[in-house]
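Thanks for coming. I will take a few minutes to walk through one protein model, so please have a look at it before I start.

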Amino acid sequence: CRTGRGIRGRIRGAGGFVYEMLAAEKKGKLMEPLVVDIASASRLMPIKSHLGEEFDYVLNGECDLIYGKERIRLRKGDAVYYDAAIPHAARAIKGKPCSILAVVASRDYLFHGDLTRLLKG
């Protein structure tokens with residue numbers, strides 16, 4: 001995927017995060033890498049779970065990861081790898097940018113470029 005040429009959209013509806021899929025053309029994959037602009041959400045994202053695992057790496061800025069009952073402050077260069085079946089959400093810090101590289105993976109799901117099927121809207 002060349003810079004800026006990934007498939008773009010919003011996760012969780014019109015007020016959700018802007019994302020860019022980095023491997024949308026690959027079929028039958030077990031992971032989905034994407035860049036997510038955490039600060040682009042115009043509303044507070046609900047804490048949700050989904051099948052599989054997730055790896056997040058902060059590309060710039062800082063945000064909070066809500067993971068179960070924990071709140072973890074993430075800054076540029078920080079990474080987390082977690083069980084996505086535990087309810088979680090990334091939350092922007094007011095007035096601060098934050099973009100992450102997120103890799104969502106599942107042994108139970110073959111990705112075909114449709115995040116909504118895994119993340120349930």
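**The cavity, the core and one buried aspartate**

I begin with the largest cavity: 21 residues line it, and those nearest its centre are I11, R12, F17, E54 and H88. Please keep in mind throughout that this is a predicted model.

How much space lies in this largest cavity? About 250 Å³. If we set the threshold at 30 Å³ or more, the structure holds 1 cavity. As for where its lining comes from, strand 3, strand 4, strand 7 (88–92), strand 8 and helix 1 (115–119) each give two or more residues.

Let me step back to the overall layout. The protein has 8 strands and 1 helix. Reading from the N terminus, the order of elements is β-β-β-β-β-β-β-β-α. The protein has 121 residues, and 40% of them count as buried. Now consider contacts in the protein with a separation of 6 or more: residues 24 or more positions apart account for 63% of these.

Next, the largest nonpolar core. Which of its residues touch the most other members? The core has 20 residues, and the answer is V36, I38 and I100. Strand 2 (17–21), strand 3 (31–37), strand 4 (53–67), strand 6 (79–83) and strand 8 (98–105) each supply at least two residues of this core. Strand 4 provides the largest share, with 4 residues.

Leaving aside residues up to four places away in sequence, I100 touches L34, V35, V36, I38, D56, Y57, V58 and L59. One name in that list is an aspartate, D56, and I will finish with that residue.

D56 sits in strand 4. Is D56 buried or exposed? D56 has a relative accessible area of 4%, and because buried means under 20%, D56 counts as buried. What does its side chain meet there? The side chains of D56 and Y82 are joined by a polar contact of 2.8 Å.

To recap, we have seen a cavity of about 250 Å³, a nonpolar core of 20 residues, and a buried D56 whose side chain makes a polar contact with that of Y82. That is what I had to show.

Terms used: Residues are numbered from 1 along each chain as its sequence is written. This is a predicted model: local features need pLDDT of at least 70, side-chain atom pairs count only at pLDDT 80 or more; totals for chains, interfaces and linings use all residues. Side-chain values use heavy atoms; hydrogens and water are left out. A nonpolar core is a set of buried Ala, Val, Leu, Ile, Met, Phe, Trp, Tyr and Cys residues joined through side-chain atoms within 4.5 Å. Buried means under 20% relative accessible area, exposed over 50%, partly exposed in between (1.4 Å probe, protein chains only). Contact means heavy atoms within 4.5 Å. A polar contact is a pair of N or O atoms within 3.5 Å; within protein, one must be able to donate a hydrogen and the other to accept it, and residues adjacent in sequence count only if both atoms are side-chain atoms. On a 1 Å grid over the protein atoms alone, a cavity is a set of points where a 1.4 Å probe fits but cannot get out, and a pocket is an open set with protein on both sides within 12 Å along at least five of seven lines; lining residues have an atom within 4 Å of a point. Grid points are joined across faces, edges and corners, and a volume is the space filled by probe spheres set on the points.
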